[in-house]
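The following exercises concern a protein complex. Please study the sequence and the structure before reading each solution.

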Amino acid sequence: MHGLINRSIQCFLRDTYGAAAWTAVAAQAGLGAEGFEALLSYEDRLTDAVLDAAAEHLDKPRDMLLEDLGTYLVSHPNVRAVRRLLRFGGESFIDFLHSLDELHDRSRLAVPDLAMPELELRDHSATAFTLLVRHPYPGFGHVSVGVLRAMADDYGVLAFLEFQGRKDAVETITIECVEIDFTEGRDFALAAGAA
Amino acid sequence: MPAGAGLTLDHAALDRLMPMHALVSPTGHIRRTGPTLAKLRPGEGLQGARFLEVFELRRPRNIARIAELAALGPTALSLRLRDRPEMPLKGLSVALDTGEGLFVNLSFGIAAVEAVGAFDLNGSDFPPTDLTTGMLYLVEAKEAVMRESRNLNMRLQGAKIAAEEAAFTDTLTGLKNRRAMDMILARYAACRESFSLMHIDLDFFKQVNDTHGHAAGDHVLQVAARILKDETRDDDTACRFGGDEFVLIFHRMTDRGRLAKVAARILARLERPIPFEGHDCRISGSIGIAVSDDYAAPKPEQMLIDADMALYASKKAGRARASFVGEPGGGRPAVAAG
């Protein structure tokens, strides 16, 4: 697993549950306290070990932890770059959903060895969608649910999301946009350094 | 557009296809602009202004009238906003039908990074075919990756310095080790820096070890190291040469009077009893000193050998004393300088 993904997990645990929690998880996973380097790659079993240790230490199901990680990636000030990069996807939440098809290639453009899941959006109506999340490593679907929930919030859209399960390396999420102008949402300007 | 042009687009379609276009009349006035180009002058827009007064044409040069530009046919443009000369633009101009003036389509090119901030532009200001937002995305993504890369490099640099520090440090005493000493001496010799070498051997150290054990011996070495560190300046180097031998390197200090005083202070402090677990450990020391000024071409290895001989002379003369190379009884006479 790429260091950027591992590092995200590390920052999520540290920023959400404190440095002591991270240190404990790292120790249990057999990792030094300094943890992952963002630009190196690690074996998947290390990611597994960290997620298992975190789930045990925090007494939280792994799926829920991954969903919280997704929410964190969009909403925490320490990782505001992720939210900004996602907002480049479109002017509206619906545009953003459609831009997810490109996410895999977009991220490869920036970090060639970063293997993000391949996403495929299918629309059933103007407001009802299914998102297919394809990745050999299970769990990206849960992260996606957290990301989408936080992004809907960011755009000011009320949306219902549900994880439907995993089959043949594909995880399925249903998305239903209930109210497009639910809240004001957060501002986004193209200019770097802005919101 | 007149009939027969083959294609008719209304302004609304044009605004969406090319939101940075301008229609310029034969008199040089901007008749109309797309919505994004209008944002270059917030509030009033550009309509009615003279094109060449708003934009400075950098390429092609020496165009005074719009008719001259129209006469060139389709032409690539390099422009700058006269209001904001730091903001370059690229463009393409095509002549409209005779007497209708000029059609210009503009772009920020790679200056888009600054332009989106300067003119408060957002995604809807660019048509989906325009790569501006894609480029801004890439710039930010690369910046984020570069930040991580810089962090990684800084951490590696820190680790490298710590590793080097460890590789050149004697773990027991914290003084420099022999490898560090060799490097420093080689550097001084290569740069023809003047320096003095003080070779110190502890006396009665073996008795401390034998009587009170190795823990006591280690403690004595640490105390001795502390003394040597205290008696040298920041610019000097205190090394553990091995066992109970030390070498001090005094950088640009070759005055025998000063060196003799430092040696005397060190010996006096070494002779004070060192308490360890209820016992007093007593040691002394012998010193040999070599001064680079005494050599025509100072060679560290030779100076170390000579200092060792001077040290031996000190020991023979009854310990707790310091001898200079070349002194009567102080080892091999130095080669006369010059």
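Axes are lines fitted to C-alpha atoms, for helices over the stretch in contact, and angles between N-to-C directions run from 0 to 180 degrees. The model examined here is predicted.

**Exercise 1.** Describe how helices α8 and α9 of chain B pack, and state which residues meet.

*Solution.* Step 1: two packed helices are described by the angle between their axes and the distance between the axes. Step 2: for α8 (residues 205-212) and α9 (residues 214-230) of chain B, the angle is about 145° and the axes are 6 Å apart. Step 3: from α8(B), the residues B:Phe205, B:Val208, B:Asn209 and B:His212 meet B:His214, B:Ala216, B:Gly217 and B:Val220 of α9(B). Step 4: the residues of this contact comprise four nonpolar, four polar and no charged.

**Exercise 2.** Determine which strands stand at the edges of the open five-stranded sheet of chain B.

*Solution.* Step 1: the strand order is β8-β9-β7-β12-β13, and the pairing is mixed. Step 2: β8 (237-242) and β13 (322-324) of chain B each have a single partner strand, so one side of each lacks a neighbour in the sheet and both are edge strands. Step 3: β8(B) runs antiparallel to β9 (residues 245-251) of chain B, and five bridges join the two. Step 4: α9(B) lies across β7, β8 and β9 of chain B, at about 150° to β8(B).

**Exercise 3.** Describe the side of chain A that touches chain B.

*Solution.* Step 1: the contact takes 18 residues from chain A and 18 residues from chain B. Step 2: α5 (80-87) and α7 (103-110) of chain A each supply at least two residues of that side of chain A. Step 3: the residues of this side divide into 13 nonpolar, one polar and four charged.

Notes:
Residues numbered from 1 in each chain as written. Chains lettered and ligands numbered in written order. Predicted model: local features only at pLDDT ≥ 70, side-chain atom pairs only at ≥ 80, totals over all residues. Helix = DSSP H or I, 4+ residues; strand = E, 2+ residues; numbered from the N terminus. Contact = placed C-beta atoms within 7 Å. Nonpolar A, V, L, I, M, F, W, Y, C, P; charged D, E, K, R; others polar. Pairing = 2+ DSSP bridges.
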